[in-house]
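Colleague: I'm new to reading models like this one. Could you show it to me and let me ask how you know things?

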Amino acid sequence: MDRECESAYYSNHRLVSGYLAGENYVAREVATAIRPLLEGYLHRRYPGHVAPGLLFGEIVRKIAGAGSDSPLCHAATLVDELNEINSYAGKFHHDTNAAAGAENVEPGELLAYSRRALSVIYGGRVA
């Protein structure tokens with residue numbers, strides 16, 4: 001019942017954190033969950049400053065261009081890391097890669113990027 005009622009954000013968090021914990025999730029589903037997990041996190045961290053519907057790369061560009069008068073400036077130190085994670089995670093999304101379904105998911109690489117995504121969310125600490 002909990003899974004049927006969970007939000008998309010929580011579902012993506014469960015997939016990524018569960019994969020890191022050794023739970024048996026489909027690697028492609030986990031790889032696909034990383035980008036919307038971070039999008040959801042940024043929407044929740046900066047409500048009203050990240051418009052609904054923005055793609056992850058657009059959100060990162062908005063953060064990079066934020067002035068000191070914007071709360072988004074507090075995420076400026078994450079821009080490089082978010083861009084690197086987006087380069088990886090974008091491979092598994094049809095809106096950025098027409099061949100997303102054919103991309104190989106390497107388990108070690110997926111573990112590393114899952115850890116990095118959660119590190120962004122938890123401020124450098126993976127639970």
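Predicted model: local features only at pLDDT ≥ 70, side-chain atom pairs only at ≥ 80, totals over all residues.

Colleague: Why is asparagine 12 called buried?

Modeller: Buried means under 20% relative accessible area, while exposed is over 50% and partly exposed is in between (1.4 Å probe, protein chains only). Asparagine 12 has 12%, so it counts as buried. This residue sits in helix H2. Leaving out residues up to four places away in sequence, asparagine 12 touches Ala33, Pro36 and Leu37, where contact means heavy atoms within 4.5 Å. Across the chain, 41% of the 127 residues are buried.

Colleague: What makes a set of residues a nonpolar core?

Modeller: The members must be buried Ala, Val, Leu, Ile, Met, Phe, Trp, Tyr or Cys residues, joined through side-chain atoms within 4.5 Å. The largest such core here has 35 residues, and Ile34, Leu38, Leu42, Ile63, Leu82, Tyr88 and Leu110 touch the most other members. Helices H2, H3, H4, H5 and H6 each supply at least two residues, with the largest share, 8 residues, coming from H3. In soluble globular proteins, nonpolar side chains tend to be buried together.

Colleague: Which residues does isoleucine 34 contact, leaving aside neighbours within four places in sequence?

Modeller: Among them are Val16, Ile85, Leu110 and Ala117.

Colleague: Why are H2 and H6 called oblique to each other?

Modeller: Their axes come within 9 Å and cross at roughly 125°. Axes are lines fitted to C-alpha atoms, for helices over the stretch in contact, and angles run from 0 to 180 degrees between N-to-C directions. Under 35 degrees is roughly parallel, over 145 roughly antiparallel, 65 to 115 roughly perpendicular, and the rest oblique. So H2 and H6 are oblique.

Colleague: Where do H2 and H6 meet?

Modeller: The H2 side includes Tyr9, His13 and Val16, and the H6 side includes Pro107, Leu110 and Ser114.

Terms used: Residues numbered from 1 in each chain as written. Heavy atoms only, no water. Helix = DSSP H or I, 4+ residues; strand = E, 2+ residues; numbered from the N terminus.
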